[in-house]
Every structure is written in structure tokens, then in C-alpha cells.
Amino acid sequence: MFTSREKEVRLFDAGAGTGGLIQAFVQARCSVEPLPNRIHVVAYEVDTSLLGPLHRTLEHCRKHCFSLGVHFTADVHNADFIEAAVPLVCGDLFNGSQTPFNATILNPPYRKINSDSRTRLLLRSAGIETSNLYTGFLALAAKLLIEGGEMVAITPRSFTNGPYFRPFRELFLRLMSLRRLHVFESRSVAFESEGVLQENIILHAVKSPTKPSSVVVSTSSGAPNAPVSARECEYDEVVLSNDPERFIHLIADDVQQEARQILARFRTSLAELGLEVSTGRVVDFRARQFLVSQPAYGTVPLIYPCHFNGGYVKWPKTPSRKPNAILDTEATQELLVPSAVYVLAKRFTAKEERRRVVACIYDPSRIRAARVGFENHLNYFHAHGAGLPLDLARGLAAFLNSTVLDVYFRQFNGNTQVNATDLRNLRYPSRSQLESLGHHLGDSSPNQQELDHLVHKELF
Ligand SMILES: C[S@@+](CC[C@H](N)C(=O)[O-])C[C@H]1O[C@@H](n2cnc3c(N)ncnc32)[C@H](O)[C@@H]1O
């Protein structure tokens, strides 16, 4: 993915492991004319046991370069990259000259950073606010590059939308100009050996405040030598200019482009619909003393994703691994909401589930209770704390469950988690469109095909 043909390459790898990426870079760069005069590599690797193999890889690189007349040198730092790089980007350690690096290749470590840890504070001192190590690495790497320097990194996809990554997205998109994003469709293949189930991407970006007019979005399955399909997307489609969240949308094929165009017609915000979305208030392990397996006197329904059934909440569930009820006492009032019509959406979907957004209606005429508790694995739509008119709820749930929304949603959400921010950030059909759709649906429970047909007929 590197395109620069600089005569002097100064590359760094933060978390070099045994140097596989450095070797790939050197081989690729030395296979295109004009060859560089010199390649200087700086490798950071904290794990001492990898230093032997890393040095051997670098020696291979040196020999390969030597055979082509390219001067190769390398520095290995057996050090924590964050500890080493923060003083570099904060202080003026380059003697007033620009930073020395014009290329970086990265496969950064992936781990949460605790809010009060030294790593978090170090990153903050460099103006980087992030809760994951990999985005900390990317941000520091971006800062270490010279203007016009190139970055290629393989990372999880989570930074493209999660609310926690918003400060990172702002910083990264300000410093770097995206050129290409490659998505591995399979969540299991790329990091199979680590047992990490999430989508992964390779990004190519150039350090520049000028945004490109287009970004190439490509996909492949992740299996070795799998075919790659690519399309050129306008930058404004990838990062919407009016999106305060700075989500990165990955429009990989024509079906996705079409879904985008269809949904672009809808402009109504959740607030304009008079609605809000919140995360279920009952965190079950914190409220354990109030939970009851089956409904009994003095309890009210407690709704989990396992109660979703054919578009409506079916309660109670018997037998059930999850408690069906919660005590209705003074101590639990804060956790409960008045019984009314709500639209619920799962926050986590199983990998096998066909759709990311799975919505369902809580209809109090089917469940007698004065109050209800929604568990924390759910988001619920409400009208400023009150319920929704039934037709509006039916239309909203149908819209959320439609295939076209799912295809759109996957363009900015590559994991199985659906955040309330994601739902808040969507644009919806107008209230009257949703009500009319809900009215047509009545209390039927259509299958996916029927639902998509009706949604298209009513909304598009
Ligand atoms: C995902 S591996 C990538 C290794 C290699 N670049 C590759 O692609 O095969 C991340 C590497 O970063 C190293 N690492 C983790 N934390 C680090 C830190 N704070 N500073 C430097 N290296 C670190 C790990 O030991 C590991 O070798």
C-alpha cells in the first residue's frame, strides 16, 4: 500500500514482534524502481524474548538490501513504545528539525487502558485521549511522522465508530489523510490464533491536513490469497462532514451504496421524532438481591434479550436461565420505568445472528404490570421517559429490523455491539411515515422478506 518512492526511507514499527512487517516492507520497497539509496529502520519491541528473531529478520533485510546496493541500517529499542514516544512528540528532541520518520508500519497491541494508569496519563500528556492501546499507538505514530509520511496499519475495526474512540477519530482524521481502508469480512480469520472475534482492517493514510477527494475501500474474506474487491468512495461519504461523531463509513459494494442512497432520504433525528434512546438501567450483577427467577407477588417484569420473540416481548420465559422478575420496592424504583409501549434493541448480537440491529416491541397490553425493568444488555426507545404510541413503535421497530438498515449499519459498525450513540446518530423516516408503516403492520409478525417488502412499499 505504500506509494512513496523517497530515496531515503526512515521507517518505524512500534511493536515489531519478530519483524515480519518490516521485512515485508523492505522486500516490497526494494522490488520497485527507483530503488531507495537508504533504508533506516527503528523497531520498538517490549518483549525481550522476541529480540533474537527480530535481529535475525533485520539481518536478512540488510543482506537483501546489500545485494541490491541499498544501504540498510536498523535500531532496535527493547522498550515500551508509549514511554519512548511520548517524550519525543512532547519535547523538542529532534533539535528543532522535523521528526525523522517518513514511514510507519504497524500491527499494534490491542488491550484496554485503565483510566488511571500511567499509560493513559502519558498519552494524555501528549494530547491523546483513548482507552485502548492500539489507538494510542496509532495516534503516537501519526504524531511521529513527518508531513507527507505514510502509515500502513492492521488494527481492529472498533475505532471506526465506538463512542469511546471519538477523541481518537477527531485527532487521527485531523492529522492523517485516509487513502485506503481494507476490510476483512471474516471476523475469525485474520486474528484466528489470538482467538479474537472481530472485524479487522488495514488502513493506509498519509500525514496531511488536506483531506483526499476519495478513499479506496476494499474487502476480502481474510483467507490467504482470497480475491479483493475495491471501490473508490468520496471522502465525504466515508466521513460525513456534518457528523460530530466522525464515524468512518466503509462502503464496500454496490448493495451498500444503494442502502446508503435509500437511507440518505431520511433526515429526521430521533429528537425530532420526540424520542430518546437509553441503555437498560438494570445491571443484573449489581442488582442481584432484587432479582427473582419467576414472577411473584411484589415483583414486576425484568426484560432481557432472551424475551425477544417474533417482534414482541414474550414474557415470562419458562424455563429460563435469566431471572424473569425484579422486586418492585423503594430501592428498585430508580431501575424501573412505567409500563408503556417501548421499542427495545439488543446491544449485543450473536455472531450467527443475521442482523446487527434487532428490535422488538414491549407492549403492556400483552404483559400486565405497573412498571418494568429493562436489563442493561438492551437499549430502549422512549418519549422522554414515557411510552410511544403503538403505531409509531411498530413502524420504528420495523424500520430498525429492515435489511436495508442493517446493510447501512454495517458500514460503520464492524462489531456485534450496538451502542445507544449509534442509534442516536441514525436518521429516521418522519413520524407520519413511521406511524403509517406501523398502522399497516398492525399486530402481525411478518417474516424478514414480508417486512422488507412492506418497509420498501411504505417508506421508499
Ligand atoms: C500484534 S503484535 C505485532 C507483531 C508484529 N509487528 C507482527 O505484525 O507480526 C504486537 C507486538 O507489540 C509488542 N508490544 C506490546 N506492547 C508494547 C509496548 N508497549 N511497546 C512496544 N511493543 C509492545 C508485543 O510484544 C507484540 O510483539
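Helix α13 carries the exposed residues Gln-449, Glu-450, His-453 and Lys-457 on the face turned away from its buried side. Helices (H or I, at least four residues) and strands (E, at least two) are DSSP runs, numbered from the N terminus. The model is predicted: local features need pLDDT of at least 70, side-chain atom pairs count only at pLDDT 80 or more, and totals for chains, interfaces and linings use all residues. Residues are numbered from 1 along each chain as its sequence is written.

The buried residues of α13 include Leu-451, Val-455 and Leu-459. They cover an arc of only 35 degrees around the axis, which puts them on the same side of α13. The arc is that of the directions from the helix axis to the C-beta atoms. The buried residues of α13 pack against α9 (390-400) and α12 (431-441). Contact here requires C-beta atoms, placed from the backbone, within 7 Å. The expected span is 1.5 Å times one less than the number of residues.

Helix α2 (residues 51-68) has 18 residues. From first C-alpha to last, α2 reaches 26 Å, close to the 26 Å expected. Leu-54, Thr-57, Leu-58, Cys-61 and Cys-65 are buried in α2. They cover an arc of only 95 degrees around the axis, so they sit on the same side of α2. Gly-52, Arg-56, Lys-63, Phe-66 and Ser-67 are exposed on the face turned away from that buried side. The cover over the buried residues of α2 includes α1 (20-29), β2 and β3. Gly-69 follows α2 and has a positive phi, near 80 degrees.

Strands β2 and β3 belong to an open sheet of nine strands. The order is β3-β2-β1-β4-β5-β7-β6-β8-β9, and the pairing is mixed. Two strands pair if DSSP finds at least two bridges between them. β3 (71-77) and β9 (229-234) stand at the edges with a single partner strand each, so one side of each has no neighbour in the sheet. Neighbouring strands of this sheet are turned by 15 degrees against each other on average, direction ignored. The axes behind this angle are lines fitted to C-alpha atoms. Strand β2 (residues 38-44) pairs with β3 in the parallel sense over seven bridges. In this pair, Val-41 stands opposite Ala-74 in β3.

A second open sheet has five strands in the order β11-β15-β12-β19-β16, again with mixed pairing. Its edge strands are β11 (291-292) and β16 (336-338), each of which pairs on one side only. β12 (residues 299-303) and β15 (residues 325-327) pair in the antiparallel sense over three bridges. Thr-299 has Leu-327 in β15 as its bridge partner.

Asp-328 lies in the loop between β15 and β16. This residue counts as buried because it has 21 C-beta neighbours inside 10 Å. Beyond its neighbours within four places in sequence, Asp-328 is in contact with Gly-298, Thr-299, Val-300, Leu-336 and Arg-371.

Strand β17 (residues 342-346) is largely enclosed by the rest of the structure, because five of its five residues are buried. Tyr-342, Leu-344 and Lys-346 point one way from β17, and Val-343 and Ala-345 point the other way. β17 runs antiparallel to β18 (residues 359-362), joined by four bridges. Tyr-342 stands opposite Tyr-362 in β18. Four bridges also join β17 to β20 (residues 378-382), again antiparallel. Leu-344 has Tyr-380 in β20 as its bridge partner.

The chain as a whole has 13 helices and 20 strands. Of its 460 residues, 41% count as buried. Its C-alpha atoms fill a box of roughly 80 × 50 × 40 Å along the principal axes. Among contacts with a separation of 6 or more, 76% join residues 24 or more positions apart. The average pLDDT is 91, and 95% of the residues score at least 70. pLDDT is the predictor's confidence in each residue, from 0 to 100. Over residues 189-196 the pLDDT is below 50. Beyond near neighbours in sequence, that stretch has nine contacts in the model.

Technical notes. Buried ≥ 20, exposed ≤ 12 C-beta atoms within 10 Å, placed from the backbone. Contact = placed C-beta atoms within 7 Å. Axes fitted to C-alpha atoms, helices over the stretch in contact; angles between N-to-C directions.
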